[in-house]
Each structure stands twice: as C-alpha cells, then as structure tokens.
Amino acid sequence: MELIAVNSLRKVYGTQVDPVVALQDIHFAIEKGQFVAIVGPSGCGKSTLLKILVGLIPASQGEARLGGIAIAGPRRDIGVVFQSPVLFPWRTVLDNVLLPVDVQRLGRDKLKARAMNLLSLVGLQGFENRFPQELSGGMQQRAAMVRALIHDPTMLFMDEPFGALDAMTREQMNLQLQHVWLDRKETVLFITHSIPEAVFLADRVLVMTPRPGRIVDDVAVDLARPRSLDVMTTPDFGRHVKRIREHFKATGELAL
Ligand code: ADP
Ligand code: MG
C-alpha cells in the first residue's frame, strides 16, 4: 500500500520578481513499512520537501498525500525528528518523551510503559529521570526519536537527525535507528546529505539534484538486514555509493 504519494510537487519561495525555485517536478511514492532515504547536497530543497510533507508549509503546485488524504496542515498522527533535538530543559527525559501524550491528551498511564520500552530500545534505560542537559548530543537525539515514536505514528520523518553529531556517534545512531526500525517496522522518510548513511539505512535512496531540487534516481538497496557497520566495506555497498555519487561528480557537490 502506498502511504505517501507525491505528484508534480513544486515550491517557489519569494516574490514573482525574485523567485527561488526550491523544488521542481517532484514525483515519488513510499510503500507502507519502507525505509526511504533522500540524499542531496546542501540547499537542494530537502528540508523544504520535508516541511511540505509534514504540513508546515504549503506547496506552490502539485500535491502530496499521506494515507490517501491531501496534506493540508500539521498532522498529529506523524512523528518528526529535526537536526537539533529541541528538548525542553525543564522537563526530564521521560516528560519530554511524553510531551505529545500530554498535548494530545492520550493518557500518560497508558503510554508510560511504551515510553520506557522505547527508551530501553535506544539504550536510554536508567536515564528517564535525567534532564536533557545531563545527556550527550547523541543521547538527546535518541530521546527526540523516542518522542517522535511515542504515539505510534503513521509515519516517521527525519531531517538530517544525526547531522550535528561526530562521526562515531553518528554510526552508533545509525545502528540504533536500524534496530528500532527492525523492531517496529515504521514507515520512515530519512533526509541526509551523507551517501553512506543513506545506503546503510535505507531500502531505497532517492537522489536529489542541486537547486531546483528534482529527484534524478531511485536506488533500491538490497543489502541483507540487520546490517552491521562492516557492510560499508563490501563491494555491494560500494557499488550503491558509487552509483549515487556519479550524479554529483559533475558539480563536485556532496563531498564526503
Ligand atoms: P536543504 O535542506 O537541502 O539544505 P532547503 O530546503 O533548506 O535545502 O532550501 C532550499 C533552497 O530554498 C535554498 O536555496 C534556500 O536558501 C531556499 N529557502 C529555504 N527556505 C526559504 C525561505 N523561507 N525563503 C526563501 N528561500 C528559502
Ligand atoms: Mg535542510
């Protein structure tokens, strides 16, 4: 079943005199349960696309549907993780994670067990009563991930969630995210400018060109799961990375 369907999407910022075409002719669909990554250089319109899909900004033309319904504004049945974890410093980890539960009045008692479960799935058991500032950047981002999953969203959207972390922490986060995904089988749209990260995580990688952003390739990644970090040294992994990198060779974008 198609969970997301995007058709002829276009986004223009600014005025008619001085327009910035951020997205042009975007078409794709995502099946339920798929992990899809979108990779592209900085400024190509990745965040713009994500903001349209989560209902934060309107498209200029075309449409996007989630579960068959046109996306017309923010929806509560999705989960979103941004580059910075945006946790409230005065709330404990558990209270941060339960924020959507409080806001949507879903019933704390019912969802506390789920919160504890998810926290332990990402290795944060024992940290539920700590405050964000007592946690490392990677731990904060894992807490933000749990918060995005707490209400059992229809779909999880992630915009460069590990972009601010150092390389080793980032690899650990990729392993954790795969672990969560294998356990929960959420539908995920994961945005990144790292080709290896996209190939490591995804079932499919959509490749975006520099502005105006278009999708120029759709690469199926058939590597067996669970994937260990060692997979990155295999010829199959290298083949996928090379195919994606070819799209950026001419412009020299997306240096890694
Ligand atoms: P990415 O996430 O791939 O780095 P963005 O979607 O943030 O790219 O931006 C795509 C292009 O649109 C960039 O050229 C950026 O400067 C422009 N842009 C983004 N947001 C706005 C805005 N609110 N007003 C005008 N231009 C914008
Ligand atoms: Mg961005």
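A pocket here is an open set of points on a 1 Å grid over the protein atoms alone, where a 1.4 Å probe fits, with protein on both sides within 12 Å along at least five of seven lines; lining residues have an atom within 4 Å of a point. The largest pocket holds about 550 Å³ of space, a volume being the space filled by probe spheres set on the points, which are joined across faces, edges and corners. This is a predicted model: local features need pLDDT of at least 70, side-chain atom pairs count only at pLDDT 80 or more, and totals for chains, interfaces and linings use all residues. Residues are numbered from 1 along each chain as its sequence is written, chains are lettered from A and ligands numbered from 1 in the order in which they are written, and side-chain values use heavy atoms, without hydrogens or water.

**Largest pocket**

- The lining has 23 residues, and those closest to the pocket centre are Ile78, Gly79, Val80, Phe82 and Pro100.
- Two or more lining residues come from each of β6 (78-81), α3 (99-103) and α5 (137-149). Helices (H or I, at least four residues) and strands (E, at least two) are DSSP runs, numbered from the N terminus.
- By class, 15 lining residues are nonpolar, five polar and three charged. Ala, Val, Leu, Ile, Met, Phe, Trp, Tyr, Cys and Pro count as nonpolar; Asp, Glu, Lys and Arg as charged; the others, Gly among them, as polar.
- The pocket lies between domain 1 (1-77 + 154-256) and domain 2 (87-153), because both give residues to its lining. The domain bounds come from an automatic or database domain assignment.

**Aromatic pairs**

- The whole structure has four aromatic pairs. Rings of Phe, Tyr and Trp (its six-membered ring) pair if their centres lie within 6.5 Å; planes under 30 degrees apart are stacked, over 60 edge-to-face, the rest tilted.
- Phe35 and Trp181 pair edge-to-face, at 5.9 Å centre to centre and 80° between the planes. Phe35 is in strand β3 (residues 35-39) and Trp181 in helix α6 (residues 167-184), so this pair ties together parts 146 residues apart in sequence.
- Phe35 and Phe190 form a tilted pair, because their planes meet at 40°, with the centres 6.0 Å apart. Phe190 belongs to strand β8 (residues 188-192) and Phe35 to strand β3, so the pair links parts 155 residues apart in sequence.
- Phe35 and Trp181 are both buried, and Phe35 and Phe190 are both buried. Buried means under 20% relative accessible area, exposed over 50%, partly exposed in between (1.4 Å probe, protein chains only).
- One aromatic cluster is made by Phe35, Phe162, Trp181 and Phe190.

**Lys185**

- The charged end of Lys185 sits over the ring of Trp181, 5.2 Å from its centre. The criterion is NZ of Lys or CZ of Arg within 6 Å of the ring centre and within 35 degrees of the ring normal.
- Lys185 is in the loop between α6 and β8. Its phi is positive, about 55°, although Lys185 is not a glycine.
- Lys185 is partly exposed, at 47% relative accessible area.

**Other backbone features**

- Arg105 also has a positive phi, near 50°. Arg105 lies in the loop between α3 and α4 (108-121) and is exposed, at 75% relative accessible area.
- The Arg211 to Pro212 peptide bond is cis, with omega near -5°. Pro212 is in the loop between β9 (204-208) and β10 (215-220).
- Arg225 and Pro226 are joined by a cis peptide bond, with omega about -5°. Pro226 is in the loop between β10 and α8 (235-249).
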